[in-house]
Amino acid sequence: MARYSSPKTSDYAPAKKSLGQSFLVDSSIIDKIVECLGDLAGHQVIEIGPGQGALTRPLIDKGADLTVVELDDDLASRLTSEYANNPNFRCLHTDVLDLDISTISSKDALIVGNLPYYISTPIIRRLIHYRTYFRRAVLMLQREVAERIAAEPGNGERGFMTVLVEHYFTVSKEFDVPPAAFRPRPKVWSSIVSLKPRIETIDSDSMLETLVSASFRQKRKTILNNLKASDIDVETILSKAGIEARRRAETLTRDEWIRLCEAFEQEKRA
Ligand code: SAM
């Protein structure tokens with residue numbers, strides 16, 4: 001297995017908490033993340049938040065055609081000058097939440113990032129939006145967030161983001177990463193999660209979001225009570241979808257959410 005040296009952190013400005021900076025310094029973890037991406041030679045890779053380049057360097061060494069997206073002025077300018085002569089590298093000095101992935105991706109891109117945790121949920125929502133523009137994302141998340149996203153039906157950790165992410169992606173939790181792998185050390189453990197966009201998803205994104213959000217409004221309530229509205233016969237809709245009214249949202253499977261969404265759509269059209 002190839003080994004990469006840790007980046008030299010000493011000549012950088014102190015990490016900015018406000019930008020969620022916590023840099024990977026464990027070369028075995030860096031290797032494992034890069035290996036999750038598979039063969040990279042000639043493949044387009046988009047890295048979110050390259051920071052001091054811990055993942056960037058091995059990605060380039062493996063022959064990736066790499067675009068990195070970094071908000072920090074100093075880090076973006078260092079990476080830009082370090083790879084100024086490399087035609088397979090470009091640094092977009094911008095906020096990833098403003099990035100239109102469709103304008104830079106070949107649709108077959110791989111996305112990777114040790115994400116700034118303060119915006120991991122908005123980043124994932126953006127990846128949902130641009131899901132047809134990449135073939136896999138390998139992301140470092142706070143472990144609790146990763147576990148919530150990967151929670152199976154019936155698990156109390158399941159929530160709005162679990163259902164959305166599972167609807168649009170096949171999710172696999174790859175491995176956990178201890179605080180000691182980073183400088184500065186975070187207080188929490190992290191996990192690597194892989195998201196593979198699903199081809200078959202329902203047409204009505206907004207209906208799904210509205211339904212899931214309303215269904216989880218009060219987690220201890222039944223789905224019927226959370227969805228009750230004066231002008232719709234929710235009980236009949238649930239029955240058409242084959243979902244028992246006393247169940248809680250966290251117990252519904254992906255197929256059941258799809259059936260429920262379709263039953264609401266039918267009711268809307270009726
Ligand atoms: N990839 C590096 C590593 O693993 O050592 C750095 C990871 S650090 C957790 C997150 C990186 O995301 C930082 O470099 C930070 O400056 C950058 N970042 C924070 N907010 C961002 C944003 N809105 N858009 C793009 N990059 C951002």
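A polar contact is a pair of N or O atoms within 3.5 Å; within protein, one must be able to donate a hydrogen and the other to accept it, and residues adjacent in sequence count only if both atoms are side-chain atoms. The model is predicted, so local features need pLDDT of at least 70 and side-chain atom pairs pLDDT 80 or more, while totals for chains, interfaces and linings use all residues. Residues are numbered from 1 along each chain as its sequence is written, and side-chain values use heavy atoms, with hydrogens and water left out.

Select the ligand and Gln21: a polar side-chain atom of Gln21 lies 2.9 Å from a ligand oxygen atom. At Pro50, a backbone N or O atom lies 3.4 Å from a ligand nitrogen atom. The protein buries 99% of the 590 Å² that the ligand exposes when taken alone (Shrake-Rupley method, 1.4 Å probe; for residues, only the protein chains shown count as cover).

Leu24, Gly49, Glu70, Asp95 and Asn114 come nearest.

Now select Arg131, Thr132, Phe134, Arg135, Lys196, Pro197, Arg198, Ile199 and Thr201, which line the second largest pocket. A pocket is an open set of points on a 1 Å grid over the protein atoms alone, where a 1.4 Å probe fits, with protein on both sides within 12 Å along at least five of seven lines; lining residues have an atom within 4 Å of a point.

Note on methods
Near = heavy atom within 4 Å.
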